[in-house]
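Work through the exercises below with the sequence and the structure side by side. Try each task before reading its solution.

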Amino acid sequence: MQRTMDDVHRLAGRALPRRLTQLLAGLVLYGVSMTMLVRADLGVMPWDVLHQGLARRLGHSMGLWTIVVGVVVLLLWVPLRQRPGVGTVLNVLVVGVVLDACLGLTGPVHAMAGRVSLTAGGIVLNAVATALYVGAGLGPGPRDGLMTGVVARTGWSVRVVRTTIEVVVVAVGWVLGGTVGVGTVAYAVAVGPLVHLLLPVLSARHRRPAEPAAVPA
């Protein structure tokens, strides 16, 4: 039995670098996908409506507000008794930094064909990124953890809780000046089914080694 547990720990140790690489790749691509939707200017992701609105109303960069809102949401985990993982912490830090870096390297897109292509590509890339970082199994993002924490504490359905949170976030962000448009609606409709299809493919698999056969005394 001890030999079996040693095998489990050894395999988990070998898998960790791959899972961290997958996590970081997902978070970087998530920031890139956010940039694509911002530059398309046809409507950003629901939470980005809030981040963008805060940046426009109060100043500072959108990436900084992404980090600040992530920290605030993470504090809301405390009464919900949610425990963050390394992926949760990196999510708060990495996505906002990548977003600001990409926004600094790119400019507005004026042609409608390009804006539509950026919106569609951003949604697909965001689904890939989400499946990558969730599939790494190192902790959910702060916003996802808020949703699952509320579901666990209230017993309400995931659909009701997620919809309620995102409607409130979009409404507040829109009042502050965030961009709501066809891209926001398309993202809300499409990203869930896309992640559902991609997650089984991109999830890290942790197989327990077979129990060694008993050796006769």
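**Exercise 1.** What covers the buried residues of α7?

Solution. This is a predicted model, in which local features need pLDDT of at least 70 and side-chain atom pairs count only at pLDDT 80 or more, while totals for chains, interfaces and linings use all residues. Residues are numbered from 1 along each chain as its sequence is written, and side-chain values use heavy atoms, with hydrogens and water left out.

Step 1. Find the helix: α7 covers residues 142-154. Helices are DSSP runs of H or I with at least four residues, strands are runs of E with at least two, and both are numbered from the N terminus.

Step 2. List its buried residues: Pro 142, Arg 143, Gly 145, Leu 146, Met 147, Gly 149, Val 150 and Val 151. Buried means under 20% relative accessible area, exposed means over 50%, and partly exposed lies in between (1.4 Å probe, protein chains only).

Step 3. Look for what lies over them. The cover includes α2 (46-58), α3 (62-75), α4 (77-80), α5 (86-105) and α8 (158-176). Contact here means heavy atoms within 4.5 Å.

**Exercise 2.** Check the span of α7 against its 13 residues, then state what follows the helix.

Solution. Step 1. The expected span is 1.5 Å times one less than the number of residues.

Step 1. For the 13 residues of α7 this should give 18 Å, and the end C-alpha atoms are 18 Å apart, so the two values agree.

Step 2. Just after α7 comes Gly 155, with a positive phi of about 80°.

**Exercise 3.** Describe how α7 packs on α8.

Solution. Step 1. Two packed helices are described by the angle between their axes and the distance between the axes. Axes are lines fitted to C-alpha atoms, for helices over the stretch in contact, and angles run from 0 to 180 degrees between N-to-C directions.

Step 1. The axes of α7 and α8 come within 9 Å and cross at roughly 130°. Therefore α7 is oblique to α8. Angles under 35 degrees count as roughly parallel, over 145 as roughly antiparallel, 65 to 115 as roughly perpendicular, and the rest as oblique.

Step 2. The crossing of α7 and α8 is right-handed. A crossing is right-handed if the near helix is turned clockwise from the far one by less than a right angle, and left-handed if anticlockwise.

Step 3. Leu 146, Met 147, Val 150 and Val 151 in α7 meet Val 158, Val 161, Arg 162 and Ile 165 in α8. The contact of α7 with α8 divides into seven nonpolar, no polar and one charged residues. Ala, Val, Leu, Ile, Met, Phe, Trp, Tyr, Cys and Pro count as nonpolar, Asp, Glu, Lys and Arg as charged, and the others, Gly among them, as polar.

**Exercise 4.** Is Leu 37 buried or exposed, and which residues does Leu 37 touch?

Solution. Step 1. Leu 37 is found in helix α1 (residues 2-40).

Step 1. With a relative accessible area of 1%, Leu 37 is buried.

Step 2. Leaving out residues up to four places away in sequence, Leu 37 touches Leu 42, Gly 43, Val 44, Met 45, Thr 119, Ile 123 and Tyr 187.

Step 3. Leu 37 and Gly 121 are 84 residues apart in sequence, and their C-alpha atoms are 8.6 Å apart in space.
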